[in-house]
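Student: I would like to go through this model with you and test each label against the definition behind it. Could we take the contacts and the helices in turn?

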Amino acid sequence: MSRSIILREGLDQIVLGNIDSKTIADKFSDLSREEFDKLMNEALFDIWIVSGDKGYFSKGYHTAVRSLETCLFGEPDKKQEEHEFNEQWHDMLYF
């Protein structure tokens, strides 16, 4: 089974409350940030296709992803988080 499928199923279990994010994070602790982000993009694409943006936030996937990333890489720097948010809005202006 691919690791992106394991990650996606882990996110489902976190959302359902059957498992905590630390348990899932332990399975991916050997990955660099770039490798983890690639797997997360694959897993989130599968989730997004089914639930869309609204479902991603309302069903709790956003919270699950944030808690998993915090377990693996610590709390994000507030200034970096704000920069990424502004960068996304900047990119959207071109569409």
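This is a predicted model: local features need pLDDT of at least 70, side-chain atom pairs count only at pLDDT 80 or more; totals for chains, interfaces and linings use all residues.

Student: Why is the pair R3 and D30 called a salt bridge?

Tutor: The term requires a side-chain nitrogen of Lys or Arg within 4 Å of a carboxyl oxygen of Asp or Glu. In R3 and D30 the closest N and O atoms are 3.0 Å apart, and the pair therefore meets that definition. Helices here are DSSP runs of H or I with at least four residues, numbered from the N terminus.

Student: What makes D30 exposed or buried?

Tutor: With a 1.4 Å probe and protein chains only, buried means under 20% relative accessible area, exposed means over 50%, and partly exposed lies in between. D30 has 55% relative accessibility and therefore counts as exposed, whereas R3, at 30%, counts as partly exposed.

Student: How many salt bridges does a search of the whole structure find, and what separates D26 and K22?

Tutor: The search finds 5 salt bridges. One of them joins D26 and K22, with the closest N and O atoms 3.1 Å apart; these residues are 4 apart in helix 2, which means about one helical turn lies between them. D26 is partly exposed at 46% relative accessible area, and K22 is partly exposed at 44%.

Student: What makes R33 and E69 a salt bridge, and which parts of the chain does the pair link?

Tutor: Their closest N and O atoms are 3.8 Å apart, and the pair links distant parts of the chain, with R33 in helix 3 and E69 in helix 4 (residues 61-73), 36 residues apart. Salt bridges that share partners join R33, D37 and E69 into one network. Within the pair, E69 counts as buried at 16% relative accessibility, while R33 is partly exposed at 33%.

Student: How do you know that helix 3 is bent, and where?

Tutor: The bend at a residue is the angle between axes fitted to the seven residues ending there and the seven starting there, and for helix 3 this angle is about 105° at G52. The expected span of a helix is 1.5 Å times one less than its number of residues; a straight helix of 26 residues would span 38 Å, but helix 3 spans only 26 Å between its end C-alpha atoms. G52 is also among the buried residues of helix 3, which include F36, L39 and Y56, and what covers those buried residues includes helix 1 and helix 4.

Student: Why is S4 called buried, and which residues does S4 touch?

Tutor: S4, found in helix 1, has 9% relative accessibility and therefore counts as buried. Contact means heavy atoms within 4.5 Å, and, not counting residues up to four places away in sequence, S4 touches L39, E42 and A43.

Conventions:
Residues are numbered from 1 along each chain as its sequence is written. Side-chain values use heavy atoms; hydrogens and water are left out. Helices (H or I, at least four residues) and strands (E, at least two) are DSSP runs, numbered from the N terminus.
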